[in-house]
Amino acid sequence: MTNFQTFKNSQLWFVTGKGGVGKTTVVAALGLLCAEKGFKTLLVETHGLNHLAKLFEVEEAGYQGKKIRKNLSLLQVTPEKALEEYLLQQVRFKFIYQSLFNNNYVRHFLDAAPGLLELLTIGKIWDLADGTASSRQKSHPHYDLVIVDAPSTGHALSLLTIPKVVDEAVKLGPLKKKAESILNFLQDGDRTKIWMVTLAEDMPANEAIELSKKLHEEVNVHLEAIFVNSMWPQLISEKTFAEFKKLKIKSSLLDFYQSHYEQNQHYLNLLQKKLLHDSLFSLPLLPQKNSNELEIAKALSHELSSLLSE
Ligand SMILES: Nc1ncnc2c1ncn2[C@@H]1O[C@H](COP(=O)(O)OP(=O)(O)OP(=O)(O)O)[C@@H](O)[C@H]1O
Ligand SMILES: [Mg+2]
């Protein structure tokens, strides 16, 4: 069962799910919670996104990362920067690197080699999370936990699958060794945990079921828990609602709430049946009016605190 006791030794968390279901908000909420519990936590964004900086109302954090509050830092991984960092370790002097590669060249190179973009990104994330990785010790401080605001379903799957693909395709050499190390790290359920965010609605629920299968079958990584986000509240009991109907008491507002609530319950049941997962957590739909994204993340962080310490 998921609770804070299981987190002590984990180093890398991936938060994924369909687009728009609340991944970034849950990453921020988990980050706030872990920082508050005393974990030195790094939040990572990939694919050039800048959503977390906006949520926390701070300047872009960049590839070097920056501290945004006590025990909480933010960093953006881009494959271009990861490639530059890797090549600089090889050629040592920045001016040589700059004279050999300009951004356009690097961009074409990344676009032309299938999987390279993902390999560089996951390699850097592993570097940040793995306490034994050499380059991290030089360029970054130590973090207890790295939480990745992973891209949505398909891209996240490519990111997690690429080390396995390389490991199987390459027979010998440093690339093989690196892919093997990353894969071992990802498949070690004590060190790497995958969190999925979904909604109790048709498409997100079915996509979550698919992704859960693929994560297991294609990458064999550990799915820690699934957050079913933005659940509509039950305003009145089903019995009272039925009695209202019998008495022909009509309220379009009540019908509106009830239909969303019932739809959520239907898909929650489906998720429970299909995922056979004992860690399915419901998170409430919070009022968006008069509250900004940070306030929503803070409120979810309180919800998570009680859910995860039960
Ligand atoms: N439980 C909630 N209650 C109310 N609003 C929420 C809740 N969770 C997230 N939101 C809001 O929904 C919007 C989308 O959330 P978020 O950006 O976290 O989704 P995402 O999955 O990261 O999207 P993308 O795939 O575009 O990166 C945001 O405005 C966020 O504040
Ligand atoms: Mg997002």
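Here are a few notes on one strand and some aromatic rings in this predicted model.

1. Ground rules. Local features here need pLDDT of at least 70 and side-chain atom pairs count only at pLDDT 80 or more, while totals for chains, interfaces and linings use all residues. Residues are numbered from 1 along each chain as its sequence is written, chains are lettered from A and ligands numbered from 1 in the order in which they are written, and side-chain values use heavy atoms, leaving out hydrogens and water.

2. Start with strand β4, residues 72–76. (Strands are DSSP runs of E, at least two residues, and helices are runs of H or I, at least four, numbered from the N terminus.) Here 5 of its 5 residues are buried, meaning under 20% relative accessible area with a 1.4 Å probe, protein chains only; over 50% is exposed, and in between is partly exposed. L72, L74 and Q76 sit on one side, S73 and L75 on the other.

3. Who are the neighbours of β4? Strand β2 (residues 41–45) runs parallel to β4, with 5 bridges, and V44 partners L75. Strand β3 (residues 66–69) runs antiparallel, with 3 bridges, and K67 partners S73. (Strands pair if DSSP finds at least two bridges between them.)

4. Now the rings: there are 6 aromatic pairs. (Rings of Phe, Tyr and Trp, its six-membered ring, pair with centres within 6.5 Å; planes under 30 degrees apart are stacked, over 60 edge-to-face, the rest tilted.) W232 is in the loop between β7 and α11 and Y257 in helix α12, so the pair ties together parts 25 residues apart in sequence.
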